[in-house]
Amino acid sequence: MAKPQNKTSDGRALRQALGKFATGVAIVTTRDGEERDYGMTINSFTSVSLAPPLVLWSVSRSAPSYPVFTTTENFVISVLGEEQENISNRFAGSVADKFAGVRCGRSNMGPLFIDGALAVFECSVHERYEGGDHLILVGHVENYSCVNGRALVFHDGWYGTLQKAGSQ
């Protein structure tokens, strides 16, 4: 492999290169002051700390739900399983009611969670940081749950699942 030569000013090529890093897929949800539900697909989710329990994700300033995430006090992250690709696509699109036809439950903190998700994290907003064309949210995990299953993964513009190395 040659040394890196591409310039970051080519946004499309940079996005393609970043897509080489496989990520899990999750839905983040919240409610506004009028108790309207919002949700979007994310793949920028990561653990920050176990003590205290902190997680991080980011929202694009151009996302329709961006304004509500600048003021919300809590959110829920639902990590999707391999059979939930259709849910990821629904929440990534511009459907008027993203929750219509999707089995959800109401979390202890108010926002919805995706029924059947592999893991669910109820979070209070710990910090918000400016991050270029995104807002970075750090959440303090207040409650969580998880079940066994295979995660939905996104890589190189495609959905897939993980398989243990060496297994068939």
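**Fold, strand pairing and aromatic contacts in a predicted model**

The protein chain has 3 helices and 12 strands, where helices (H or I, at least four residues) and strands (E, at least two) are DSSP runs numbered from the N terminus. The radius of gyration of the protein chain, taken over C-alpha atoms, is 16 Å, close to the 15 Å that the globule rule gives for 168 residues, so the chain is as compact as a globular protein of that length; the rule itself is 2.2 Å times the number of residues to the power 0.38. The model is predicted, and local features need pLDDT of at least 70, side-chain atom pairs count only at pLDDT 80 or more, and totals for chains, interfaces and linings use all residues. Residues are numbered from 1 along each chain as its sequence is written, and side-chain values use heavy atoms, with hydrogens and water left out.

Along the principal axes, the C-alpha atoms of the protein chain fill a box of roughly 50 × 40 × 40 Å. The accessible surface, computed by the Shrake-Rupley method with a 1.4 Å probe, comes to about 10,400 Å², of which 52% belongs to carbon and sulfur atoms. Buried residues make up 36% of the 168 residues; buried means under 20% relative accessible area, exposed over 50%, and partly exposed in between, with a 1.4 Å probe and protein chains only. Among contacts (heavy atoms within 4.5 Å) between residues at least 6 apart in sequence, 61% join residues at least 24 apart.

Strands β1, β11 and β12 form an open sheet of 3 strands in the order β1-β11-β12, with antiparallel pairing; two strands are taken to pair if DSSP finds at least two bridges between them. The edge strands are β1 (23-24) and β12 (158-161), each of which pairs on one side only. Over 2 bridges, β1 pairs in the antiparallel sense with β11 (residues 152-155), and Phe-154 in β11 is the bridge partner of Thr-23. Elsewhere, β4 is joined to the antiparallel strand β5 (residues 53-60) by 4 bridges, the two being connected by a hairpin through 2 residues; within this pairing, Val-55 in β5 is the bridge partner of Ser-47.

In helix α3 (residues 85-92), Ile-87, Ser-88 and Phe-91 are buried. Seen down the axis of α3, these buried residues fall within an arc of 100°, so they line one face of the helix, the arc being that of the directions from the helix axis to the C-beta atoms. The cover over the buried residues of α3 includes β2 (26-31), β3, β8 (112-114), β11 and β12.

The structure holds 6 aromatic pairs, defined for rings of Phe, Tyr and Trp (its six-membered ring) whose centres lie within 6.5 Å, with planes under 30 degrees apart counted as stacked, over 60 as edge-to-face and the rest as tilted. The ring centres of Phe-45 and Phe-121 are 5.6 Å apart and the planes stand at 45°, so this pair is tilted. Phe-45 lies in the loop between β3 (37-42) and β4 (46-50), and Phe-121 in strand β9 (residues 119-131), so the pair ties together parts that are 76 residues apart in sequence. Phe-45 is partly exposed at 26% relative accessibility, whereas Phe-121 is buried at 17%. For Phe-154 and Tyr-159, the ring centres are 5.2 Å apart and the planes at 70°, so that pair is edge-to-face; Phe-154 is partly exposed at 27%, and Tyr-159 is partly exposed at 24%. Phe-45, Phe-121 and Tyr-144 form one aromatic cluster.
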